[in-house]
Amino acid sequence: MTYIAKPRLRHPSLEKNRVGYTRRDYEGKVSTLCAGCGHDSISAAIIQACWELDIEPHRVAKLSGIGCSSKTTDYFLGASHGFNSVHGRMPSVLTGANLANRELLYLGISGDGDSASIGLGQFAHAMRRNVNMVYIVENNGVYGLTKGQFSATADKGSKSKKGAVNRDSPVDLVGMAMQLGASFVARSFSGDKAQLVPLIKAAVGHGGASFIDVISPCVTFNNHAGSTRSYDWVREHNEAVSRIDFIPRRDEITATIEPGQMLDVEQHDGSVLRLRKLHPDYDPTDRVAAMSYMHARAAEGELLTGLLYVEAEAGDLHTAQNTSARPLNSLGVADLCPGVATLDKINASLR
C-alpha cells in the first residue's frame, strides 16, 4: 500500500514557512506500519523539524537499508531525493553520495537490526570518518518484519512477547558512536516529541556525523511487560540529562537562565545549541566523561536521553580529505582531466 499517496487537497490557510511550504509539503505517502508504531512518530518529528528549519525538500537526500525503520523514508519528505539500499549498506551508499554532492542534506534512516547486526561495520566507519549526515536509528530491540526475534540491541534479561529471555549482551550504538568519533551523539524516545524535534534540528545544523538513537517501541512484538523497549518501561526509566533550544543564526539570541544551568554551543553554520542542563555536573562536551556517566546511569537502570555529546569544532569527511568546495558531480572534463603538466606536478609533490 506504499503506493497510495495522501490526498493533494489541503486547507488554503495552512501556515507556510519562510520558503513557502506548508507542513503537508514535507509529508510522504500513507504509512503501512502498525497503528501506534513509534517509527511513525519519528517520521512526524522529522517532518516538523524540516518544516521549522525552512529546508527546501528537494535539497534533502534520504537513504535507508532494510527493515520497518527503512520503510519510513517513504512516509516523509515525498519531494526529496531517496534511495533504499540493501540491508546494512546505507552508510556506504550515503558516503558515496555525500562525496559526489556535498550541497545536499543527508538523512540516514536505519534500525537496530540494520545498523547493529549486518550493518555494524558500515555504521562504525561512517562514525569514525565523521560523514556529514544525520544518522537516525529507530531502535525497538526486535525484528518486526520477521515476527519478533531479539535484535542485537535488546537488553540482556529482557523478555520477548512469547516469554523467551534474551541471554546476549546488547550492542550499545550510542556508546560506540561516542567511542568511534561521532561529533554529535544523542538519544531520544519516539514518544517525546518535545525533546526529539529540537535534537533533529540541532543535528541538521551540526556539520559532521550526527547520530541519534531513538527508542521506538514495536507495538506488535515488543510493547509488553518484561520488554525494555516498551512505552511504559521507557517512560518509567527515562532520565533526561538536558533539554535543547535550537536557535537559527538569523534569530536574535537572548538568555535569562541562571549561571551554571545553561551552555551555548555554536554550530558551524552560526546556529546555536542552548543546553539547559538538568544535571549540573554533566558536561556534554567531554567525550570520556559523557561515556562514563552514561554507563554509570545504565548500571542503575536509567536510560539517558537528550544530547549526550557534542563537539563544537567538528570537521567532516570533506574537511579531512580536502575535497573540492564545488560538488564533484558538477565538475566538468576540464576540471577532472587538467592535463599531463598538472598530473606531473601532483606526482612530483608526492615524491
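**Figure 1. Asp172 and the start of helix α6.** Asp172 caps the N-terminal end of α6, with a side-chain oxygen 3.3 Å from the backbone nitrogen of Val174. This is a predicted model, in which local features need pLDDT of at least 70, side-chain atom pairs count only at pLDDT 80 or more, and totals for chains, interfaces and linings use all residues. Residues are numbered from 1 along each chain as its sequence is written, and side-chain values use heavy atoms, with hydrogens and water left out. Helix α6 covers residues 173–180, and its buried members include Leu173, Val174 and Gly175, along with Ala177 and Met178. Here, buried means under 20% relative accessible area, exposed over 50%, and partly exposed in between (1.4 Å probe, protein chains only). Just after α6 comes Gly181, with a positive phi of about 115°.

**Figure 2. Asp283 in its loop.** Look for Asp283 between β12 (272–277) and α9 (287–299). Helices (H or I, at least four residues) and strands (E, at least two) are DSSP runs, numbered from the N terminus. The side chains of Asp283 and Thr285 are joined by a polar contact of 2.6 Å; such a contact is a pair of N or O atoms within 3.5 Å, and within protein one must be able to donate a hydrogen and the other to accept it, while residues adjacent in sequence count only if both atoms are side-chain atoms. Asp283 is partly exposed, because its relative accessible area is 32%. Ser183 is 100 residues away along the chain, and its C-alpha atom is 14 Å from that of Asp283.

**Figure 3. Two loop residues with positive phi.** Most residues other than glycine have a negative phi. Asp54, in the loop between α1 (38–52) and β1 (60–64), instead has a positive phi near 60°. With a relative accessibility of 12%, Asp54 counts as buried. Leu77 is not a glycine either, yet its phi is positive, at about 50°. Leu77 belongs to the loop between α2 (68–71) and β2 (81–84), and at 0% relative accessibility it counts as buried.

**Figure 4. The chain around these views.** Buried residues make up 48% of the 351 residues.
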